[in-house]
Amino acid sequence: MRRRAASLTWKALAFITVMCCGLAALLGALVHVSVTNQTVSDARSRALGRLESATRAYEAGNRLPPDAGVDPPGLPNALRALAESGRRGTMVGVVDGRPTMWAATPADGRALAVRLDYAQSAATIEALDRAILGSSALAIGVTLTLGALGVTRVTRRLRTTSQVARRISAGDLDARVGDPRTTDPARYRDEVAAVAAALDTMASTLQRKLLSEQRFTADVAHELRTPLTGLHAAAELLPPGRPTELVRDRVAALRTLTEDLLEISRLETGSERLDLEDVRLGVLAERVAAHAGVGTEVRVVEDTCVETDRRRLERVLGNLVANAHRHGAPPVVLTVDGPVVTVRDHGGGFPEYLVTDGPQRFRTEGSAKGHGLGLTIAVGQAEVLGARLEFSNASDGGARAVLRLPVREG
């Protein structure tokens with residue numbers, strides 16, 4: 001999002017720059033053309049006025065003014081040809097390196113011309129052009145500065161909103177944008193504030209619903225504990241036999257489900273605390289495999305010692321191994337490679353939804369048995385440990401769960 005916000009800032013500044021440059025160029029061109037036309041028109045009128053005086057003197061046989069003459073040197077050829085063809089005209093030329101306004105009229109087949117110093121007018125136009133460029137640059141700079149401040153404020157607020165959105169998606173339901181424009185009715189609420197208010201409202205609603213769901217799950221699990229305890233005690237009093245075994249098995253399953261629900265509830269409320277100690281992963285993997293009670297192959301590529309909560313780590317690996325035996329196919333391999341522990345089976349692999357979105361409570365597919373709580377608990381306990389649990393399917397078949405434990409620095 002940072003790159004997107006930066007891109008929006010630069011795009012907005014580029015748009016402002018282009019608009020300012022275009023507007024400055026348009027206004028500058030209009031002013032330049034207008035002033036130039038006015039200046040040239042004034043110089044042409046004065047030159048024609050002097051030409052009228054010179055023409056009357058020429059016709060009267062009087063001496064011509066100092067700035068007038070017949071076919072004078074420096075007269076532009078185009079203007080000379082125009083006068084010789086019987087027409088009168090004016091033209092700006094250069095005499096001795098100085099801008100000069102010429103006016104010429106026919107005189108016995110030749111050109112009677114006067115010249116007027118145009119240097120001051122040309123200097124005025126050049127000064128005007130420099131003033132236009134300077135004022136345009138200043139206006140563009142001020143506009144860009146103000147625009148950058150305004151755009152940066154907007155993009156900063158958008159960046160804050162996106163950061164809060166990411167925190168909410170990561171599980172921090174207490175995160176809020178808290179834009180003051182959303183709480184102060186006296187302040188104008190713009191579009192960014194409206195987005196921030198909608199995000200805060202969504203987060204509050206989502207938090208209330210999740211807390212309600214967590215309370216409901218915890219309350220149901222707690223309420224089930226008492227009748228299940230009595231049911232378990234009653235089942236122990238039944239006479240031996242197949243019906244009794246079935247009853248005890250179902251009661252045990254219900255007790256396990258209740259305990260799993262309570263554990264999920266504690267994980268979701270974030271009330272779990274770590275009991276850290278140094279754990280040798282190779283030894284712990286052997287203990288988990290032995291506790292599984294079925295054939296689990298343990299491979300130690302590189303043994304290591306990590307600081308973690310032994311009980312929670314055993315819970316995570318135990319759930320992964322149990323899931324591999326229950327839903328996969330042998331051989332089930334538990335591999336320790338430094339701080340990375342992999343549980344691999346050779347069955348049909350994880351469902352696509354699980355690989356994409358992770359485990360979901362009470363969701364199973366096909367003929368799978370269970371409630372989908374084991375992997376959910378494994379993910380929750382891994383988060384408490386600060387570890388990352390990844391699910392994938394091996395290219396040659398089978399499900400693979402990879403637990404990456406944090407490594408203590410130093």
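Is Phe 391 buried or exposed? At 11% relative accessibility, Phe 391 counts as buried; buried means under 20% relative accessible area, exposed over 50%, and partly exposed in between (1.4 Å probe, protein chains only).

The legends below describe a predicted model, in which local features need pLDDT of at least 70 and side-chain atom pairs count only at pLDDT 80 or more, while totals for chains, interfaces and linings use all residues. Residues are numbered from 1 along each chain as its sequence is written, and side-chain values use heavy atoms, with hydrogens and water left out.

**View 1. The aromatic pair of Phe 350 and Phe 391.** The count comes to one aromatic pair, where rings of Phe, Tyr and Trp (its six-membered ring) pair if their centres lie within 6.5 Å, and planes under 30 degrees apart count as stacked, over 60 as edge-to-face and the rest as tilted. The ring centres of Phe 350 and Phe 391 are 5.4 Å apart and the planes stand at 90°, so this pair is edge-to-face. Phe 350 sits in the loop between strand E9 (340–344) and helix H9 (352–357), and Phe 391 in strand E10 (residues 388–393), 41 residues apart. Helices (H or I, at least four residues) and strands (E, at least two) are DSSP runs, numbered from the N terminus. Phe 350 is also buried, at 11% relative accessibility.

**View 2. The salt bridge between Arg 50 and Asp 67.** The closest N and O atoms of this pair are 3.0 Å apart; a salt bridge is a side-chain nitrogen of Lys or Arg within 4 Å of a carboxyl oxygen of Asp or Glu. Arg 50 belongs to helix H1 (residues 2–59) and Asp 67 to the loop between H1 and strand E1 (68–70), so the bridge ties together parts 17 residues apart in sequence. Arg 50 is partly exposed at 40%, as is Asp 67 at 22%. The whole structure holds eleven salt bridges.

**View 3. The salt bridge between Arg 98 and Asp 117.** Here the closest N and O atoms lie 2.8 Å apart. Arg 98 is in strand E3 (residues 98–107) and Asp 117 in strand E4 (residues 110–117), so the pair ties together parts 19 residues apart in sequence. Arg 98 is partly exposed at 43% relative accessibility, and Asp 117 is partly exposed at 44%.

**View 4. A network of salt bridges linking Arg 388, Glu 390 and Arg 404.** Glu 390 is partly exposed, with a relative accessible area of 28%, and Arg 388 is partly exposed at 47%.
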